[in-house]
Amino acid sequence: MKLSVFCLLVALVCQRAFADWVRQPFWYDDARRDKVAKGTVWPQPRSIQTTQQSLSLNPDSFSFSTSDDASSNANCKDVLDPAIERYRDLLFWIPAGERVSVSGDRVLGGLRVTISGGTCSEYPTLDSDESYTLEVPASGDATLRAQTAWGALRGLETFSQLVYEVDGKHKLNVTTISDEPRFRHRGVMLDTARHFLNVPYIKQNLDAIAYNKMNVFHWHIVDDQSFPFQSATYPDLSGKGAYTQDNVYTRQDVLDVIEYARMRGIRVIPEFDSPGHMQSWGQGYPELLTSCSPTNVQADIYHLGPANVARNSTYDFMQNLFTEIRDIFADDYLHLGGDEVHFQCWMSNAEIQDFMRQQGFPNTTQGFAQLEGYYIKRLLDIVEGLSVAPKRSRGIVWQEIFDNNILSGDFTVDLDTIIHVWQWNNSNFQGIPYWDELPLVTGAGYQAILSSCWYLNFISYGRDWPEYYACDPHNFTGTPQQKQLVIGGEAPLWAEWVDATNHVARMWPRASAVAERLWSPQSVTDSAAASPRMEEQRCRMVRRGIRAQPQGPSYCKYEWNLAGQAGNYVPTASGARGITGYAQQLLLSLFSCLVLTFGLS
Amino acid sequence: MQQRTCLVALLVVALSLQASLAEWSYQTSWFEKAREDKVARGTVWPKPLSATTGTGTPARFSLDPGKFKLVADSSSAAGTDKECKEIVDHALSRYADLLFWIPEDERVSVSGDETVDQLVVTVTSPCSRYPSRDMDESYAISVGYDGATLRAPTAWGALRGLETFSQLLYEDNGKHVIDRVTISDSPRFTHRGIMVDTARHFIPLPYILQNLDAMAYNKMNVFHWHMVDDQSFPFQSTTFPDLSGKGAYTRKHVYTHDDVSKVIEFARLRGIRVIPEFDSPGHMMSWGQGHPDLLTRCSPTDFQPDIYYLGPANPAREETYTFMQSLFQEIREVFADECFHVGGDEVRFQCWMSNEEVQQFMRQEGFPNTTEGFANLQGHYIKRILDILHQIPQRTRGIVWQEVFDTASIANDLTDLSLDTIVHVWEWNDTRFQGEPFKEELAKVTRAGYNAILSSCYYLNYISYGRDWPQYYDCDPQDFQGTRQQKDLVLGGEACLWGEWVDSTNFVPRMWPRASAVAERLWSPQSVTDSAAASPRMEEHRCRMVRRGIPAQPQGPSYCKYEWNIQGDLPNYRPVITSSGPRVAAAGLLHSVVLSVLVLAAAKLWA
């Protein structure tokens with residue numbers, strides 16, 4: 001018995017000494033200390049007062065509690081309770097074997113979450129209140145107050161980011177934060193048509209979106225190359241238009257994604273692009289598309305062009321399909337596309353030509369612009385008609401629809417429609433610069449979303465996030481009213497060159513730059529000053545299982561797969577940790593218990 | 001009348017044809033057709049020297065995964081020579097796994113088909129333990145009515161042949177099939193490498209192993225390990241523990257001797273040489289953290305920012321060379337390859353210029369205080385480093401970056417640069433940096449009689465939008481003005497992925513399949529130059545890598561039948577290690593120790 005006590009003591013002393021030795025700083029820590037701002041928040045909160053006074057957290061006893069109003073409302077509770085479970089896991093990362101006791105330290109015992117609005121919507125919307133205040137006092141529990149569950153989610157994320165590691169302890173500083181987003185629409189666009197992206201990767205992205213306080217997943221679900229959405233109404237859309245029958249999203253898959261997103265306060269806006277970009281639709285339903293006369297038109301593969309806008313059957317088809325889509329997707333908005341329609345095919349088709357004469361559209365670019373306007377207007381009417389009171393179904397369209405309006409002088413598109421500005425004139429693309437387009441769009445009274453300067457599919461050598469960071473959606477000449485019509489932006493990652501092999505690493509942390517631009521005050525513009533926080537954010541994401549790519553020579557303490565375990569990522573209801581770690585720990589502790597109990601007595 | 005009947009008949013035929021065509025397109029997904037043009041199934045990457053499709057019947061054989069065997073011809077060196085046998089046996093068990101990929105429940109019976117039931121592997125001469133610069137990698141394959149055979153002079157050739165054989169298989173309606181074919185193949189260049197930089201970011205061991213697998217799938221044979229640099233020193237030296245103790249990012253960001261041995265063994269079994277680079281006298285910041293005396297103290301007045309208060313190695317002190325001698329001795333004992341990359345690039349002379357001790361040494365040596373004088377100084381340093389390599393008991397040959405050749409040309413007309421030195425050409429005059437166009441440099445280096453390796457046009461760290469592999473594919477190491485003898489001095493090339501912007505999160509997809517373009521350039525005949533023609537094979541190869549667990553990035557809109565992680569299981573990678581592989585053994589050991597303790601404890605409890 002004495003012997004075992006002695007051994008135990010020796011072991012403890014040894015461990016202590018070893019831990020001390022490990023904790024000695026390394027030369028590069030000096031350099032890193034400037035580069036990494038530990039325990040900082042990304043995106044930068046609107047107002048943050050922090051002190052040097054630090055508190056320790058005890059992973060074993062830290063408690064979350066919710067106020068009555070937060071726990072009595074079913075909708076609030078439905079979102080908040082799982083979120084607390086997720087953040088309970090995310091809050092502590094130091095492996096149990098390397099943790100140092102916090103006894104004797106000033107300890108923060110818990111976090112109390114209050115939703116003072118008392119009512120929560122089932123789904124996040126464009127108008128959701130995401131504001132929150134967070135108080136980490138010198139003594140007593142921390143408090144998080146929000147008007148809605150969505151604000152509480154943002155506050156929980158902030159709280160988790162305040163925690164940093166020092167000498168084997170989880171710590172945070174006494175801090176007061178009052179925060180809300182600058183823009184309401186902060187999105188990431190994934191293209192699942194150029195390459196299929198399976199549900200686990202979409203969920204992984206949703207986690208990353210939440211870690212960056214973004215709130216819109218724009219799902220560019222179908223395009224020329226493939227139609228992975230499995231429609232019950234028109235099974236041949238994916239049956240013949242998907243790459244393979246493994247490369248599809250079933251209704252259940254989509255509902256899973258929407259639920260996963262809802263839990264994180266993220267809206268899912270699907271895009272079913274038409275009348276262009278519809279090649280894959282035509283595989284199952286060729287009559288939907290315009291037959292181009294080959295003499296007038298390019299390659300064989302384009303023997304079918306844009307939607308046949310002259311036929312009533314086209315609109316019936318869209319009515320039925322969008323009824324199904326509306327039934328699945330919960331958001332008020334549907335993205336209807338409308339970009340890059342090649343008029344030549346319409347020009348070559350006699351049926352279309354007849355229809356244009358009948359409608360009085362001239363056989364000019366202007367006339368074709370009118371034709372597309374006619375189509376989109378009917379589509380928008382279909383979508384509006386799918387409204388279920390009190391909510392309204394509305395459309396988002398790419399900027400060409402607005403540009404056509406200018407061209408045709410025919411502003412018939414509903415003012416509730418949101419215009420998605422994407423063109424730019426750079427080496428990759430010749431178009432209207434966004435700072436010229438935004439004044440026109442908002443001048444005409446439309447709401448706008450900006451993506452032009454955030455095309456993450458364009459890559460180049462070196463550190464490129466500062467260029468996304470530098471782009472401001474209000475960077476145009478216009479009245480305050482016009483500026484207000486800009487509701488936010490989206491970072492699109494078009495998928496010609498990405499699939500599950502490289503998608504997540506290419507998206508993050510480059511999209512994080514966009515996230516901060518859209519959340520933080522307009523005055524937060526210095527990318528050099530943001531850099532140490534960016535380093536912290538990227539390593540935090542890696543630690544949480546998001547393979548965010550590096551931004552220059554560096555290391556993360558918790559490197560991607562440093563320990564050599566499988567590079568696994570398991571999106572779960574409660575977080576993103578593999579089970580191998582737990583199993584190993586369990587085995588090890590079992591082992592040491594047995595040795596100590598039996599081996600030495 | 002007759003004419004009219006004819007017309008009606010034609011119409012009927014046309015209609016029925018159309019109907020059957022429609023039926024066909026109903027069966028296959030629409031994009032299959034586009035893909036059929038884009039993907040060349042069962043083709044080999046890199047393209048073999050000579051492949052002849054057999055003319056006999058049947059033109060194609062099926063393989064029965066339950067029955068098919070890879071066998072070593074036990075009467076040949078593959079069975080009689082210990083070294084050959086070890087490599088071949090390991091390879092056979094790896095390829096037994098790689099050969100068949102159709103999930104069991106989707107396989108269609110091959111009964112009734114003409115089948116090939118085994119591949120007999122013959123090695124005709126004894127084998128060396130490690131792959132080397134002059135190894136013979138040639139092989140011949142025959143797939144015909146009388147079975148399939150693979151013959152190679154060495155185990156290394158057998159490895160390349162097994163890879164080719166595995167690539168010949170393709171999937172047809174649930175069956176693994178292979179065409180009747182005769183292949184005779186050998187590489188164009190002997191040095192076909194990948195450079196991985198583990199100093200700008202640490203690359204955990206599993207990713208290094210994964211990359212070695214990918215190299216083997218591309219028949220590359222050199223892993224140039226740019227192990228240390230300014231930013232970190234992850235090599236854990238036993239002679240000088242402070243090098244990594246103070247120079248590594250953290251104590252977890254290190255490679256122990258054991259780690260290095262694992263890598264070398266893993267590489268050896270795949271016929272890949274591991275060439276370490278310990279770059280000096282520049283790029284040594286991390287060395288100076290534990291051993292500041294090794295570096296030149298720059299006088300800050302003359303010199304740029306504070307952080308560079310320590311500059312290149314101090315060439316004036318004898319201790320510097322003693323240090324390098326001990327370290328190199330240790331390294332050479334750990335690494336098996338004859339070649340040792342000693343760096344020598346990007347030395348900034350200003351620091352040397354600012355240091356009194358160095359100035360004094362230069363006066364003493366009679367080096368003028370000019371660029372030429374500093375070139376003399378660097379030449380002096382490198383000569384002593386190369387002399388150290390020559391003094392090491394194991395035969396050792398130095399590889400240096402091109403600056404060493406350039407400065408030696410300026411300083412002493414190359415009299416100090418030993419002729420067995422291999423010059424690694426890396427500079428290019430594109431928009432990114434100014435330097436000697438590599439074609440002129442290759443001409444100069446080979447005219448002076450040195451062996452050369454080319455990397456200038458294979459810098460994979462530079463990225464741009466879109467399909468960039470054709471630009472690597474187009475660059476030929478012998479595309480310079482020179483005699484036949486000069487061309488022969490070019491040993492090959494290396495694709496470099498410098499680590500500033502990559503780590504384990506994105507390293508493998510950025511490397512592959514872009515490095516595959518380099519692999520084909522260095523293996524296949526000079527006449528294979530058409531990237532458009534290569535494209536369908538490239539598609540096949542990239543999907544094959546993905547299927548085998550290498551997350552090779554896509555090259556334009558497409559899909560692979562076996563998409564990365566399509567089932568939604570973990571995107572994990574377990575390098576294929578056969579039974580005696582080091583990691584499995586270690587894990588097994590731990591397992592059995594834990595188990596036996598548990599059993600003992602239980603027994604004790606019982607008692």
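The following questions and answers concern a predicted model of a protein chain.

Me: How many helices and strands does chain A have?
Reply: In this predicted model, buried residues make up 59% of the 601 residues in chain A. Of the contacts in chain A with a separation of 6 or more, 77% are between residues 24 or more positions apart. As for secondary structure, chain A has 21 helices and 18 strands.

Me: Is helix 6 of chain A roughly parallel or roughly antiparallel to helix 8 of chain A?
Reply: The axes of helix 6 (residues 199-211) and helix 8 (residues 251-263) of chain A come within 10 Å and cross at roughly 15 degrees. Angles under 35 degrees count as roughly parallel. Therefore helix 6 of chain A is, relative to helix 8 of chain A, roughly parallel.

Me: How many nonpolar, polar and charged residues are in the contact of helix 6 with helix 8 of chain A?
Reply: Helix 6 of chain A passes helix 8 of chain A in a right-handed crossing. Helix 6 contributes V199(A), I202(A), K203(A), L206(A) and D207(A), while helix 8 contributes D253(A), D256(A), V257(A), Y260(A) and A261(A). By class, the contact has six nonpolar, no polar and four charged residues.

Me: How far apart are the end C-alpha atoms of helix 10 of chain A?
Reply: Helix 10 of chain A covers residues 312-328, and its buried residues include Y315(A), F317(A), L321(A) and E324(A). At 1.5 Å a residue, the 17 residues of this helix should span 24 Å.

Notes. Residues are numbered from 1 along each chain as its sequence is written. Chains are lettered from A and ligands numbered from 1 in the order in which they are written. This is a predicted model: local features need pLDDT of at least 70, side-chain atom pairs count only at pLDDT 80 or more; totals for chains, interfaces and linings use all residues. Side-chain values use heavy atoms; hydrogens and water are left out. Axes are lines fitted to C-alpha atoms, for helices over the stretch in contact, and angles run from 0 to 180 degrees between N-to-C directions. Helices (H or I, at least four residues) and strands (E, at least two) are DSSP runs, numbered from the N terminus. Angles under 35 degrees count as roughly parallel, over 145 as roughly antiparallel, 65 to 115 as roughly perpendicular and the rest as oblique. A crossing is left-handed if the near helix is turned anticlockwise from the far one by less than a right angle, and right-handed if clockwise. Contact means heavy atoms within 4.5 Å. Ala, Val, Leu, Ile, Met, Phe, Trp, Tyr, Cys and Pro count as nonpolar, Asp, Glu, Lys and Arg as charged, and the others, Gly among them, as polar. The expected span of a helix is 1.5 Å times one less than its number of residues. Buried means under 20% relative accessible area, exposed over 50%, partly exposed in between (1.4 Å probe, protein chains only).
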